[in-house]
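Biologist: I would like to learn how to read a protein model feature by feature. Could you show me the structure and take me through it slowly?

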Amino acid sequence: ASMLSAALKGGQAFASANTQRKGVTMASSSHQATHQPNYQPTHQPTHPVHLKSLLLLPMQPIPTKRKARVRPEVGAKVPHDVRQRYVNLFVEEFLKTSVTVQDAFEKALTEEKTVYDRSINKLKYLSVAVNALKRLKNQSTVSVKGGTFQSFPIPFPWKGDAALYESLKEHILSEEVLTENNYPLQHPEQAGCAILYREDHKKGITDSLKRICCRCGATYSVNQMGKHMRKEECNYHSGKGVENKVPGGVETRYSCCEGVVGCPGCQVFQLHVHDAVSLDNFVTTLPKPVTDTACPGVFSVDCEMCYTTLGLELARVTVVNSSLQVVYDTFVKPANEVIDYNTRFSGISEDDIRGSSTSIQDVQETLLSFVSAETILIGHGLEADLCALKLFHGTVVDTSVSFPHRLGLPHKMTLHSLTADYLRRILQESVGGHDSAQDATACMELMLWKVKEEGKTKRW
Ligand SMILES: [Zn+2]
Ligand SMILES: [Zn+2]
């Protein structure tokens, strides 16, 4: 998500992409220790669990008798949390066609086991799993067609959310803060179009057939379809310049490769990319009916994007509830041709996208089915995620605002440093890149921590 915020801050296509996800240098020794982040839910429900919530299993087991869990295996070819995610997704599908919950759990575990046995490594696993899920989805759509909201595989907010909702109220961004942080707002004249008030048009180039690469800064030519006219390698440094004291002065080296500033880029990609975002086809969350007195819910959201001929487009979305359960997680097929999966930062592989038939419109429809205008959405730099989702939503809690940088805007703390500082944990950047489920979970945990801390001081 921080990639898109860089794009937004810089005024569409022309931000230096080098601001992405590099605020943290991780000691490699900490990798081992944090390999299985221990997400202890701090907000467990004490009331009878609503059926719909129960169906969606936690990333890490919450003590409950009813669960479909994969057993962790030491040195396994596929990480446990990945397997658990697919078990959860399979359960969702089987629930639509199964008579009992137990039945759905068993079928899901069997399905996942088959996928696992067929896969030699994680990549293969993901590809097989996505296909299996697609098949299950196709089967279950037949049975839920014409169904109502209840048949949707989405949890209702916990009843326990009501107290959290109240505590979070003071963190909801005002219209002024939304504008200041470049949240997409409804264009005053064009319906369904967004306007970014901090967008900087001056940086743009007027020639529509020329683009500036957001990684290396090179200008390149595209045709009417946005496709590259020439195959040109993109060569750049993903890190930033860090000043070091050396005998007799200061020397600046790139954080990515320790190369002296000015040396040829250490990252090489096949093509240049740009990070424009389209501002049309937005949808708006709707006020919930006045007769509905239930708590509108609290969820955290994180998205991953990849580079297409259009610019940056949504490739994955994850929604986590206040019990730290992943309640919605899907890969999304971008509308335009993908140029670069941005795997290093997005964790998205070609197989992920190829196996997905979900469009951004499908995602919007799903989100609107359980996110009302009053629902609190939590995110880190959520403006970028809302832009990627093409969603207007005004009830927002942003960890980059609630945990501000001591220097103020435009400086923002990275989610990594917040998690390290406040939750005493360093988010793992897995080999496959980055994980939106981890980020969404971290955001929820940060806000749970925050309201708990504030609750302590209030009592005094
Ligand atoms: Zn470098
Ligand atoms: Zn480039």
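Modeller: Let us begin with a pair of helices. The axes of helix 4 (residues 80-97) and helix 5 (residues 101-118) come within 8 Å and cross at roughly 135°, where axes are lines fitted to C-alpha atoms, for helices over the stretch in contact, and angles run from 0 to 180 degrees between N-to-C directions. Helices (H or I, at least four residues) and strands (E, at least two) are DSSP runs, numbered from the N terminus. This is a predicted model, in which local features need pLDDT of at least 70 and side-chain atom pairs count only at pLDDT 80 or more, while totals for chains, interfaces and linings use all residues. Residues are numbered from 1 along each chain as its sequence is written, and chains are lettered from A and ligands numbered from 1 in the order in which they are written.

Biologist: How are helix 4 and helix 5 placed relative to each other?

Modeller: Angles under 35 degrees count as roughly parallel, over 145 as roughly antiparallel, 65 to 115 as roughly perpendicular and the rest as oblique. Helix 4 and helix 5 are therefore oblique to each other. Helix 4 passes helix 5 in a right-handed crossing; a crossing is left-handed if the near helix is turned anticlockwise from the far one by less than a right angle, and right-handed if clockwise.

Biologist: Which residues in helix 4 and helix 5 meet?

Modeller: Two residues are in contact if their C-beta atoms, placed from the backbone, lie within 7 Å. From helix 4, R83, Y86, V87, F90, V91, F94 and L95 take part, and they meet A104, F105, K107, A108, L109, E111, E112, V115 and Y116 in helix 5. By class this contact has twelve nonpolar, no polar and four charged residues, where Ala, Val, Leu, Ile, Met, Phe, Trp, Tyr, Cys and Pro count as nonpolar, Asp, Glu, Lys and Arg as charged, and the others, Gly among them, as polar.

Biologist: How many helices and strands does the protein chain have, and how many of its residues are buried?

Modeller: The secondary structure of the protein chain comes to 15 helices and 16 strands. A residue is buried if 20 or more other C-beta atoms lie within 10 Å of its own, exposed if 12 or fewer, and partly exposed in between, with C-beta atoms placed from the backbone. Buried residues make up 41% of the 460 residues in the chain.

Biologist: Which residues in the largest nonpolar core touch the most other members?

Modeller: A nonpolar core is a set of buried Ala, Val, Leu, Ile, Met, Phe, Trp, Tyr and Cys residues joined through C-beta atoms within 7 Å. The largest one here has 86 residues, of which F90, L314, L389 and M447 touch the most other members. Helix 15 (residues 436-459) gives the largest share of this core, nine residues. Leaving aside neighbours within four places in sequence, L314 is in contact with C303, M305, V332, P334, I360, A388 and L389.

Biologist: How many residues of helix 12 are buried?

Modeller: Helix 12 (residues 382-389) is mostly covered, since eight of its eight residues are buried. Just after this helix comes K390, whose positive phi is about 55°, a positive value in a residue other than glycine. K390 lies in the loop between helix 12 and strand 15 (391-392), and K390 is buried, because 23 other C-beta atoms lie within 10 Å.

Biologist: Where is L324, which also has a positive phi?

Modeller: L324, with a positive phi of about 65° although it is not a glycine, lies in the loop between strand 11 and strand 12 (326-331). L324 is buried, with 24 other C-beta atoms within 10 Å.

Biologist: Why is Q361 partly exposed?

Modeller: Q361, found in helix 11 (residues 360-370), is partly exposed because 13 other C-beta atoms lie within 10 Å.
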